[in-house]
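Hello,

Here is the structure I said I would pass on. My notes follow below it.

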Amino acid sequence: RLYELEQQLPSSFIRINKSALANEMALDRFAVAYTGAVDAVFKCGYREYVSRRCFAEIKRRYDR
């Protein structure tokens, strides 16, 4: 299960949606669309959708 894997990985891995984890070291930026949707853009160019719930948690993590 993904939550079990998330517990075993280092803290640099963050959940970005219900079915994906991302390594913060591989992230380039977050891109916001006009509709309000947020994508995680990786250094390699890959884009993955970030859920609203996970994005709120990511914002709290960086606001500390």
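**Notes on E48**

Leaving aside neighbours within four places in sequence, E48 is in contact (heavy atoms within 4.5 Å) with I16, N17, A20, V38, D39, A40 and F42. This is a predicted model, in which local features need pLDDT of at least 70, side-chain atom pairs count only at pLDDT 80 or more, and totals for chains, interfaces and linings use all residues. Residues are numbered from 1 along each chain as its sequence is written, and side-chain values use heavy atoms, with hydrogens and water left out.

With N17, the side chain of E48 makes a polar contact of 3.0 Å; the term stands for a pair of N or O atoms within 3.5 Å, where within protein one must be able to donate a hydrogen and the other to accept it, and residues adjacent in sequence count only if both atoms are side-chain atoms.

E48 sits in strand β5, residues 47-50. Strands are DSSP runs of E, at least two residues, and helices are runs of H or I, at least four, numbered from the N terminus. The order along the protein chain is α-β-β-β-β-β-α.

Of the 64 residues in the protein chain, 27% are buried.

Regards

Methods. Buried < 20%, exposed > 50% of the residue type's maximum accessible area, 1.4 Å probe, protein only.
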